[in-house]
Amino acid sequence: TFIESVGMRFLKQGKKVAVIAVDPSSHLSGGSILGDKTRMDGLSMAKDAYIRPCATGGHLGGLAQHTDDVVSLMEAAGYDVVIIETVGVGQSEILVTEVADFCILLLPPAGGDELQGIKRGIVETADLVVINKADGNLLNVAKRAQAEYRMALMVARGAGGPRQWWTTQVVTASAREETGLEDVLQITKQFWENASAQGELARRRGEQRARWMWV
């Protein structure tokens, strides 16, 4: 729901949107459900959107083996925004940082205390943390989780963090009530502009190409 809501907003801005939805494969049969597209009714029917489900095929890190190639293909096909949905929330599922320009960590409001955020791994590699489903009875819970993850990021990264030009923000959003989504788009735009101005975007993409050359 969150990906569809964000994707529809990009479409309203006149952008072409591609979604690469990665699903885990069964360790027993090797099969995968690949059902994410069925939950994006509006986006899947839009003329300027394309959704590609992919199975991990046992590949670790949260992505399929050739996700990087699919991203390159989508860019070559003229898609302005390529959204990658990884398979899970494990602390080690950080391979997406070697493919994407901007990484969003999407979390439920009641997913554990702030100690979860202190763990090394996916939390400290995120460029933006979004506490989703911040509505109804979970609104106050989401706000508490927001404060806890802000503190956890400060502990994990230390004062100033590794990048002086960017500070990871923690925001709340509700795809159901369509709140907080404009903030996500604005922060994404701000990151893109800052990273481009600092030369970080070109450096990151260069390192990614070098790593994936040997995969």
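User: What pLDDT does the chain average?

Analyst: This is a predicted model, in which local features need pLDDT of at least 70, side-chain atom pairs count only at pLDDT 80 or more, and totals for chains, interfaces and linings use all residues. Residues are numbered from 1 along each chain as its sequence is written, and side-chain values use heavy atoms, with hydrogens and water left out. The average pLDDT of the chain is 84, and 82% of the residues score at least 70. pLDDT is the predictor's confidence in each residue, from 0 to 100.

User: Which elements have the lowest and the highest mean pLDDT?

Analyst: Helix α4 (residues 115-118) has the lowest, 49. Strand β6 (residues 169-172) has the highest, 96. Where pLDDT is low, the predicted coordinates should not be read in detail.

User: What makes a stretch a helix or a strand, and how many of each are there?

Analyst: Both are DSSP runs, numbered from the N terminus: helices are H or I with at least four residues, strands are E with at least two. The chain has eight helices and six strands. Along the sequence they follow α-β-α-β-α-β-β-α-α-β-α-β-α-α.

User: Why is Pro109 called buried?

Analyst: Buried means under 20% relative accessible area, exposed over 50%, and partly exposed in between (1.4 Å probe, protein chains only). Pro109 has 6% relative accessibility, so it counts as buried. Its place is the loop between β4 and α4.

User: What does Pro109 touch, not counting residues up to four places away in sequence?

Analyst: Contact means heavy atoms within 4.5 Å. Pro109 touches Ile131, Asn132, Lys133, Leu138, Val141, Ala142 and Ala145.

User: Why is Leu139 called partly exposed?

Analyst: Its relative accessibility is 32%, so Leu139 counts as partly exposed. Leu139 belongs to helix α6 (residues 139-157). Leu139 and Pro109 are 30 residues apart in sequence, yet 8.1 Å apart in space, C-alpha to C-alpha.

User: What is said of phi at Lys133, and why is this residue called partly exposed?

Analyst: Phi of Lys133 is near 60°, a positive value in a residue other than glycine. Lys133 has a relative accessible area of 48%, so the label is partly exposed. This residue sits in the loop between β5 and α6.

User: And why is Glu178 partly exposed?

Analyst: Its relative accessible area is 39%, so Glu178 takes that label. Glu178 is in the loop between β6 and α7. Its phi is near 60°, again positive in a residue other than glycine.

User: How do you know that the buried residues of α3 line one face?

Analyst: In helix α3 (residues 67-76), the buried residues are Thr67, Asp68, Val70, Val71 and Met74. Seen down the helix axis, they fall within an arc of 160°, so they line one face of α3. That arc is taken over the directions from the helix axis to the C-beta atoms. The face turned away from this buried side carries exposed Leu73 and Ala76. The cover over the buried residues of α3 includes β1 (17-23), β2 (49-55), β3 (81-85) and α8 (200-212). Just after α3, Gly78 takes a positive phi of about 100°.

User: What makes β4 and β5 a pair?

Analyst: Two strands pair if DSSP finds at least two bridges between them. Four bridges join β4 to strand β5 (residues 128-131), and the two run parallel. Leu107 stands opposite Ile131 in β5.

User: Which residues of β4 are on its covered face, and which on its uncovered one?

Analyst: In β4 (residues 104-107), Leu105 and Leu107 form the covered face. Ile104 and Leu106 form the uncovered one.

User: What makes a set of residues a nonpolar core?

Analyst: Its members are buried Ala, Val, Leu, Ile, Met, Phe, Trp, Tyr and Cys residues joined through side-chain atoms within 4.5 Å. The largest such core has 29 residues, of which Phe2, Val17, Val19, Leu43, Leu128 and Val130 touch the most other members. The elements that give two or more residues to this core are α1 (2-12), β1, β2, β3, β5 and α7 (181-198). With six residues, α7 gives the most to this core. Apart from it lies another core, of 17 residues, among them Cys54, Val70, Val71 and Tyr79.

User: What share of the chain counts as buried?

Analyst: The share is 45% of its 215 residues.
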